[in-house]
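Q: Could you take a close look at the ligand site in this model and walk me through what surrounds it? I'd like the contacts, the pocket, and whatever other voids turn up.

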Amino acid sequence: MSLIPKSHPRAKSLLIREKLVDGFDKGLVAKEGLLAQGRGEAFDYLLGEKTGKSSKRAIKAAAAQLLQAETPVISVNGNIAALCPKQIVRLSKQIKAKLEVNLFYTNKDRKQAIVKILKKNGAREILGTNPDFSTKLPGIDSARRIVDKNGIFAADVVVVPLEDGDRTIALRNAGKIVITFDLNPLSRTSQTANITIVDNVTRAIDLLIDEAKKLSKKNQNSLQKIINDFDNKKNLSENIIQIKNNLARRARIA
Ligand code: ATP
Ligand code: MG
């Protein structure tokens, strides 16, 4: 039971924090995941804790890209499993993507806890757990480069929510199209991905599912046009302007 009153002005954000702490207690989240959450919260605060226009544009491009993909894979880490397990499974079904548990800090028990919560939320097949199918992504150091042969290794489009910069760069170097959710528009992941959704994953994921449902009725040409018209660098600068405008507004009322 949450002790956060619904009337608290930042109730939603505090509930997200509570989910993550709960995920830590259940063995899903690494200590470092708590720090990543803290970094995310700071940027969410600067963004006004809402989904801006530029994030909506990135969500639309991501939905189009995922519908155009041949072998899309969603990479799941502890933070995602703690924050939005139901939605991540729903997204995988909506866009017909495989799910792969892929941890920055490899830990067998944590992996199993993540698999369990995904299954509880309706996932059928979860990759990344069978050592017979593991292989290595070139360009990053040992444990962090292990991926599933039939999953991320073979994917054309990979969704990596809350990912580290080194791995995003390695995925790009391996020829993957990378879509990420990252609240920090300046992170290396944000700057390196093909499509960066600068928003809290807990807000943006439902919007991505809805958009994918909507766009599933469009033909290939219209989807490709949405992808071609999207410019990630330009979009990221608009996210930064959103922060700047928000700060200016706050400075005026302070
Ligand atoms: P990079 O390695 O890409 O330069 P970093 O080292 O600062 O980034 P990491 O811990 O590697 O950070 O990656 C985690 C990222 O996830 C951070 O940029 C953080 O802002 C972001 N993040 C944390 N929580 C959320 C959330 N709920 N929704 C979206 N993004 C989040
Ligand atoms: Mg990092």
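**Around ligand 1**

A: Let's start with a side chain: in this predicted model, a polar side-chain atom of Arg39 sits 2.7 Å from an oxygen atom of ligand 1. Thr189 has a backbone N or O atom 2.9 Å from an oxygen atom of the ligand, and for Arg188 a backbone N or O atom lies 3.0 Å from an oxygen atom of ligand 1.

Zooming out a bit, the shell around ligand 1 holds 18 residues, and the closest are Arg39, Asp164, Gly165, Asp182 and Thr189. By class, the shell splits into six nonpolar, six polar and six charged residues. Two helices, α2 (31–46) and α8 (188–192), each put in at least two shell residues. The largest share is from α2, with three residues.

Now for the space itself. Ligand 1 takes up the largest pocket, which has about 820 Å³ of space. Its lining runs to 42 residues, with Ala36, Gln37, Arg39, Leu162 and Glu163 closest to the centre. So far as classes go, you get 15 nonpolar, 14 polar and 13 charged residues in that lining. Helices α1 (11–25), α2, α4 (78–83), α7 (165–173) and α8 each supply at least two of the lining residues. Again α2 has the largest share, this time with nine residues.

There's also a second largest pocket, with about 460 Å³ of space. It is lined by 17 residues, and Asp22, Lys26, Leu28, Ile117 and Lys120 lie nearest its centre. Here α1, α4, α5 (85–94) and α6 (108–120) each give at least two residues to the lining, and α1 gives the most, with five. The lining of this second largest pocket has eight nonpolar, three polar and six charged residues.

Searching the whole structure turns up one cavity of 30 Å³ or more, and the largest cavity has about 40 Å³ of space. It is lined by 10 residues, of which Asn102, Leu137, Val147, Arg167 and Leu171 are the closest to its centre. The lining of the largest cavity divides into five nonpolar, two polar and three charged residues.

Key. Residues are numbered from 1 along each chain as its sequence is written. Chains are lettered from A and ligands numbered from 1 in the order in which they are written. This is a predicted model: local features need pLDDT of at least 70, side-chain atom pairs count only at pLDDT 80 or more; totals for chains, interfaces and linings use all residues. Side-chain values use heavy atoms; hydrogens and water are left out. A residue is near a molecule or strand if one of its heavy atoms lies within 4 Å of it. A polar contact is a pair of N or O atoms within 3.5 Å; within protein, one must be able to donate a hydrogen and the other to accept it, and residues adjacent in sequence count only if both atoms are side-chain atoms. On a 1 Å grid over the protein atoms alone, a cavity is a set of points where a 1.4 Å probe fits but cannot get out, and a pocket is an open set with protein on both sides within 12 Å along at least five of seven lines; lining residues have an atom within 4 Å of a point. A molecule sits in a cavity or pocket if more than half of its atoms lie within 2 Å of its grid points. Helices (H or I, at least four residues) and strands (E, at least two) are DSSP runs, numbered from the N terminus. Ala, Val, Leu, Ile, Met, Phe, Trp, Tyr, Cys and Pro count as nonpolar, Asp, Glu, Lys and Arg as charged, and the others, Gly among them, as polar. Grid points are joined across faces, edges and corners, and a volume is the space filled by probe spheres set on the points.
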